[in-house]
Amino acid sequence: MDTEFIKLYEENPDPQKIEGISEILRNGGVIIYPTDTIYGMGCSIFSAKAIEKVKRLKQIKGKTNFSFICYDLSHISEYTKSLSNPVFKLMKKALPGPFTFILNASSKVPKLLHASKKTVGIRVPDNNIPREIVKNLGNPIITTSIRDDDEVLEYSTDPELIYEKYNGLVDLVIDGGYGEVTASTVVDCTEDEPVLIREGLGDLSEYL
């Protein structure tokens, strides 16, 4: 299988290309795409076969810490239990942005991931490419970071090098320009008070 390699521009992603990408995802494909932080690998949350493939490529065994990329906050309510007012306000201020919010998962999530997941990470990146894909697709996509084999760099930033590495392994790599070297800031919002789990690109103090 030859992997497709396409260029998209964040400001105005080509709707025809977005439709083509959505079709790949609907058919159980795995793609690599830019976000507002690092490059991600993912698939439709409704494709069990594709989720298994992502796990194999990332060498994930057992517990799966995948996050979902959603288009906006209204998308989130299906996959999470009801949010407290402070958490909703925080997310409304911080998203779209470089944050992953850990929330209590609705009963839908374990069925989708075939794992006993009580929580789910939610991302609404400040990048039109993944958001337009999700909007066109009509449901979230799984996201997991593309790590680098380099000992200095933790994450791969050059889409052409990512393509070389994953050619023949995934269905599509999107070139959306160079990625960041820092991942998203992870915030646990499963209790009333948000707890910072990982300091990343987003500055949580701006929104508290």
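Colleague: Which residue in strand 9 stands opposite Thr-100?

Modeller: In this predicted model, Thr-100 stands opposite Val-186 of strand 9. Strand 5 and strand 9, the latter covering residues 185-188, run parallel and are joined by four bridges.

Colleague: Which residue of strand 10 stands opposite Val-186?

Modeller: That residue is Arg-198. Strand 9 and strand 10 (residues 195-198) run antiparallel, with three bridges between them. A hairpin of six residues connects strand 9 to strand 10.

Colleague: Next, the cores. How many residues does the largest nonpolar core have?

Modeller: The largest nonpolar core has 39 residues, and Ile-32, Phe-68 and Phe-101 have the most contacts inside it. Elements that give two or more residues to this core include helix 2 (48-57), strand 5 (99-104), strand 6 (119-123) and helix 7 (159-166). Helix 4 gives the most, with four residues. Another core lies apart from this one; it has 17 residues, including Ile-6, Ile-21, Leu-25 and Tyr-33.

Colleague: How should I read the cysteines? How many disulfides does the structure hold?

Modeller: The structure holds zero disulfides. Cys-43 is in none, and the nearest cysteine sulfur, in Cys-70, is 14 Å away. A disulfide needs the two sulfur atoms within 2.5 Å, so at 14 Å the sulfur of Cys-70 is too far from that of Cys-43 for a bond.

Colleague: Is Cys-43 buried or exposed?

Modeller: Cys-43 counts as buried because its relative accessibility is 0%. Cys-70 is also buried, with a relative accessible area of 0%.

Colleague: Now the charged residues. What can side chains of opposite charge do when their charged atoms come close?

Modeller: They can pair. Here there are six salt bridges. In one of them, the side chains of Asp-175 and Lys-7 meet, at 3.5 Å from N to O. This pair links distant parts of the chain, 168 residues apart: Asp-175 is in strand 8 (residues 172-175) and Lys-7 in strand 1 (residues 4-7). Asp-175 counts as buried at 9% relative accessibility, whereas Lys-7 is partly exposed at 34%.

Colleague: Where are Glu-78 and Lys-108?

Modeller: Their side chains meet in a salt bridge, 2.7 Å from N to O. Glu-78 is in the loop between helix 3 and helix 4, and Lys-108 is in helix 5, 30 residues apart. Glu-78 is partly exposed, with a relative accessible area of 42%; Lys-108 is partly exposed too, at 30%.

Colleague: Which residues do salt bridges with shared partners join into one network?

Modeller: The network joins Glu-19, Glu-23 and Arg-26. Between Glu-19 and Arg-26, the closest N and O atoms are 3.4 Å apart.

Terms used. Residues are numbered from 1 along each chain as its sequence is written. This is a predicted model: local features need pLDDT of at least 70, side-chain atom pairs count only at pLDDT 80 or more; totals for chains, interfaces and linings use all residues. Side-chain values use heavy atoms; hydrogens and water are left out. Buried means under 20% relative accessible area, exposed over 50%, partly exposed in between (1.4 Å probe, protein chains only). A nonpolar core is a set of buried Ala, Val, Leu, Ile, Met, Phe, Trp, Tyr and Cys residues joined through side-chain atoms within 4.5 Å. Two strands pair if DSSP finds at least two bridges between them. A salt bridge is a side-chain nitrogen of Lys or Arg within 4 Å of a carboxyl oxygen of Asp or Glu.
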